[in-house]
Amino acid sequence: LCIIIKKPMFNFPVKYHLLFFLVGLFFFSINYLLIYKAQNYLTSGTTAVAFAMCLFFSQINSKFFLGFKLKVKTSIGGIIGIFGIFLLFSSSIFSEQGEYNKLFGLSLILTAAYIVSLATIVTAKINLYKIPILQANSWAMIYGTIINFFLLIVTDSKIILDPRISYWISFSYLVIISSIIGFILYFLLVKRIGPEKSSYFAVMSPMIAVIISIFAENLQITFTLIGGVFFVLIGNYIAVKTKIDLNK
């Protein structure tokens with residue numbers, strides 16, 4: 001697309017390419033691999049709820065890497081969010097059978113959430129340098145693809161293409177809408193509201209994912225599910241809310 005609309009692609013210095021590489025590594029490689037692996041053990045709904053912790057992680061990393069002040073409401077929201085995750089997976093934690101597969105899936109998705117929070121910090125750096133979003137996104141995807149291909153070779157994995165039309169519809173959706181358009185919009189979001197609030201999508205996307213999961217994956221509606229989703233969402237809301245009156 002950059003070539004078609006004649007956007008310059010090859011005049012960026014090495015330090016910019018390092019940033020592109022990091023976004024490719026975090027956003028388009030490790031992040032996806034961990035999420036897809038986690039979904040072997042979790043429904044997409046519970047995965048999305050756990051992944052919402054990326055908002056809290058992003059604010060913590062903004063403090064360490066960008067020097068942003070960590071606010072009290074961020075800590076309060078994070079604690080409430082962690083309680084929500086604990087509640088959501090309490091049945092697995094206290095199960096007599098020990099549902100370790102679900103807990104392993106949880107560890108994978110929380111790791112993915114932290115990885116994405118690092119990518120958000122790098123994206124903020126890209127915006128500080130005023131690098132064009134379309135080219136930055138293109139290079140990041142190129143590096144992410146190279147990394148994934150390298151991992152395929154190292155792990156002796158195979159690329160399998162399903163001939164069914166449903167596969168290609170899903171594949172096209174993931175490539176065009178979810179990846180290309182989705183990440184361009186996300187980069188624009190980071191540019192507009194900054195890295196702290198750029199993960200605000202984490203407040204709403206889990207709710208949408210849970211609703212879809214109920215119908216598509218037969219996710220069971222339980223009190224712990226409702227309570228876990230509620231506390232994760234309210235924790236994220238508090239973390240990104242502009243003001244919070246602690247006296248109330």
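Let's start where helix α3 passes α6, which it does in a right-handed crossing. Keep in mind that this is a predicted model. Two packed helices are described by the angle between their axes and the distance between the axes. For α3 (residues 54–66) and α6 (residues 100–128), the axes come within 8 Å and cross at roughly 45 degrees. That angle is why α3 counts as oblique to α6.

Now for the side chains. On the α3 side, the residues that meet α6 are Cys 54, Phe 57, Ser 58, Asn 61, Ser 62, Phe 65 and Leu 66. Their partners in α6 include Leu 110, Tyr 114, Leu 118, Ile 121 and Lys 125. Sorted by class, this α3–α6 contact has ten nonpolar residues, five polar ones and one charged one.

Helix α6 also meets α2. Here the axes come within 9 Å and cross at roughly 45 degrees, so α2 and α6 are oblique to each other. The crossing of α2 past α6 is right-handed. From α2 come Thr 47, Ala 50 and Phe 51, and among the α6 residues they meet are Leu 106, Ile 109 and Val 116. This contact has eight nonpolar residues, one polar and no charged.

Have a look at Ile 109 while you're there. Leaving out residues up to four places away in sequence, Ile 109 touches Ile 35, Ala 38, Thr 47, Ala 50 and Phe 51. Ile 109 and Phe 51 also turn up, with Phe 20, Val 23 and Phe 27, as the residues with the most contacts inside the largest nonpolar core, which has 56 residues. The elements that give two or more residues to this core include α2, α3 and α6, along with α1 (14–38) and α8 (165–197).

How values were computed
Residues are numbered from 1 along each chain as its sequence is written. This is a predicted model: local features need pLDDT of at least 70, side-chain atom pairs count only at pLDDT 80 or more; totals for chains, interfaces and linings use all residues. Side-chain values use heavy atoms; hydrogens and water are left out. Axes are lines fitted to C-alpha atoms, for helices over the stretch in contact, and angles run from 0 to 180 degrees between N-to-C directions. Helices (H or I, at least four residues) and strands (E, at least two) are DSSP runs, numbered from the N terminus. Angles under 35 degrees count as roughly parallel, over 145 as roughly antiparallel, 65 to 115 as roughly perpendicular and the rest as oblique. A crossing is left-handed if the near helix is turned anticlockwise from the far one by less than a right angle, and right-handed if clockwise. Contact means heavy atoms within 4.5 Å. Ala, Val, Leu, Ile, Met, Phe, Trp, Tyr, Cys and Pro count as nonpolar, Asp, Glu, Lys and Arg as charged, and the others, Gly among them, as polar. A nonpolar core is a set of buried Ala, Val, Leu, Ile, Met, Phe, Trp, Tyr and Cys residues joined through side-chain atoms within 4.5 Å. Buried means under 20% relative accessible area, exposed over 50%, partly exposed in between (1.4 Å probe, protein chains only).
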